[in-house]
Amino acid sequence: MMNNFVVILGPTATGKTSLAESLCKKFNGVIISVDSRQAYREMEIGTGKKEQRAKSKGQSYSIPIHLYDVVNPDERLNAYDYSIKAWEKIEEIWSDNKVPFLVGGTGFYLDVILGRRALVGVGADPKLRNELENLSKDQLIERLDKLDPQKLETIDTNNRYRLTRAVEIASTPKVIPQGHPLRNSKGGLMERKNYLIIGLTAENDRLYEIADGRIDRMMEIGLLDEVKKLSEKYGWEAPGLKTLGYREFIPYFEDKILLSEAAQRLKYNTHAYIRRQKTYFKKNRDIKWFDITDFEFDKVVSDAVESFL
């Protein structure tokens, strides 16, 4: 059936992109990345793009991955803008008679793309932003807890920009602008249903183990040099450098902690992120979950995709 697409989501370290590549080869698919960190240019090692590109390069048939490298580290990208770009790519892939595979772990972005959340079209409010900038982190958390407690459960409360943006969005009337792919004839939100959502998961301890090994490899291939280069070029206030995999090294460069402590902090924060991702995805009952440690799980997933398509 034409105009269908497949979503592959799940927490960090579940091998979403590698699985998607094998499925795309079988079902004539193209990948659209739904990862808020991989959207940043120049951030290769800390976001896992370098490792993924190395794997893809060694394969005989390369699958295109769209929405990598959308903005510079000092630029901002919100879920609304990302959804517009994603739908442009979805329509483009459909026009080529191929199957879009939306792949990533940024649950909020996925929900906006799928029409499950109406938090789109909320621009910056200078007056409100000025007010919020004068609040402490604890005050921002308290305000978000009153406005959108569910969002508070999934957001990184140590990321002040995201915390401020979440409060700003929760405080603003939601409007879906004219021309948005998900705007229905009455001006409301049109949730898309022509998709299959594959969720990859495993026990936390196993995911922690995989994530820690990935971080060790990142350190070996030059993550510290990448962070140093980007901080010198863009400054620590750049939105990209406030994300997981980069912000943990600020105290090291300020001579406040050892490098080993920074790396361990990154591992702990990644574990916490995995838990938050799992919590966020639990609310979506349309997800068909598969445990990556099960025997031949990839074949079972492939059979599910084939049945859907």
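The lining of the second largest cavity divides into five nonpolar, two polar and two charged residues. Keep in mind that this is a predicted model. The residues are Leu-9, Gly-107, Leu-110, Asp-111, Leu-114, Tyr-280, Phe-281, Lys-283 and Asn-284. So which elements supply at least two residues of that lining? They are α4, residues 107-114, and α12. The largest share comes from α4, with four residues. The volume is about 50 Å³. Searching the whole structure at 30 Å³ or more gives two cavities.

Next, the pockets. The largest pocket holds about 620 Å³ of space. How many residues line it? There are 38. Nearest the centre of this pocket lie Thr-12, Ala-13, Gln-38, Thr-47 and Arg-214. Several elements give two or more residues to the lining. On the helix side we have α1 at 16-27, α2 at 49-57, α9 at 204-220 and α12 at 259-281. On the strand side we have β2 at 29-33 and β4 at 99-104. Which element gives the most? That is α9, with five residues. By class, the lining of the largest pocket has 18 polar residues, 14 nonpolar and six charged.

Note α12 here. This helix gives two or more residues to the lining of the largest pocket. It also supplies at least two to the lining of the second largest cavity.

On to the second largest pocket. Its volume is about 260 Å³. Its lining has six charged residues, with three nonpolar and three polar. Look for Arg-160, Glu-237, Lys-242, Arg-247, Glu-248 and Arg-265.

Where is it placed? Asp-35 sits in the loop between β2 and α2. Both of those elements give two or more residues to the lining of the largest pocket. Is Asp-35 buried or exposed? The relative accessible area of Asp-35 is 17%, and the cut-off for buried is under 20%, so Asp-35 counts as buried. What does Asp-35 touch, leaving out residues up to four places away in sequence? Its partners are Tyr-82 and Thr-106. Then there is Val-103. Along the chain, Asp-35 and Val-103 are 68 residues apart. Their C-alpha atoms are separated by 7.8 Å.

Let me step back to the whole protein. We have 13 helices and six strands. The chain has 309 residues, and 51% of them are buried. The accessible surface comes to about 15,000 Å². Carbon and sulfur atoms account for 48% of that surface.

Last, confidence. The mean pLDDT is 87. Residues at 70 or more make up 87% of the protein. Where does the pLDDT fall below 50? Look at residues 185-189. Beyond near neighbours in sequence, that stretch has eleven contacts in the model.

Methods:
Residues are numbered from 1 along each chain as its sequence is written. This is a predicted model: local features need pLDDT of at least 70, side-chain atom pairs count only at pLDDT 80 or more; totals for chains, interfaces and linings use all residues. Side-chain values use heavy atoms; hydrogens and water are left out. On a 1 Å grid over the protein atoms alone, a cavity is a set of points where a 1.4 Å probe fits but cannot get out, and a pocket is an open set with protein on both sides within 12 Å along at least five of seven lines; lining residues have an atom within 4 Å of a point. Grid points are joined across faces, edges and corners, and a volume is the space filled by probe spheres set on the points. Ala, Val, Leu, Ile, Met, Phe, Trp, Tyr, Cys and Pro count as nonpolar, Asp, Glu, Lys and Arg as charged, and the others, Gly among them, as polar. pLDDT is the predictor's confidence in each residue, from 0 to 100. Contact means heavy atoms within 4.5 Å. Buried means under 20% relative accessible area, exposed over 50%, partly exposed in between (1.4 Å probe, protein chains only). Accessible areas come from the Shrake-Rupley method with a 1.4 Å probe; for residues, only the protein chains shown count as cover.
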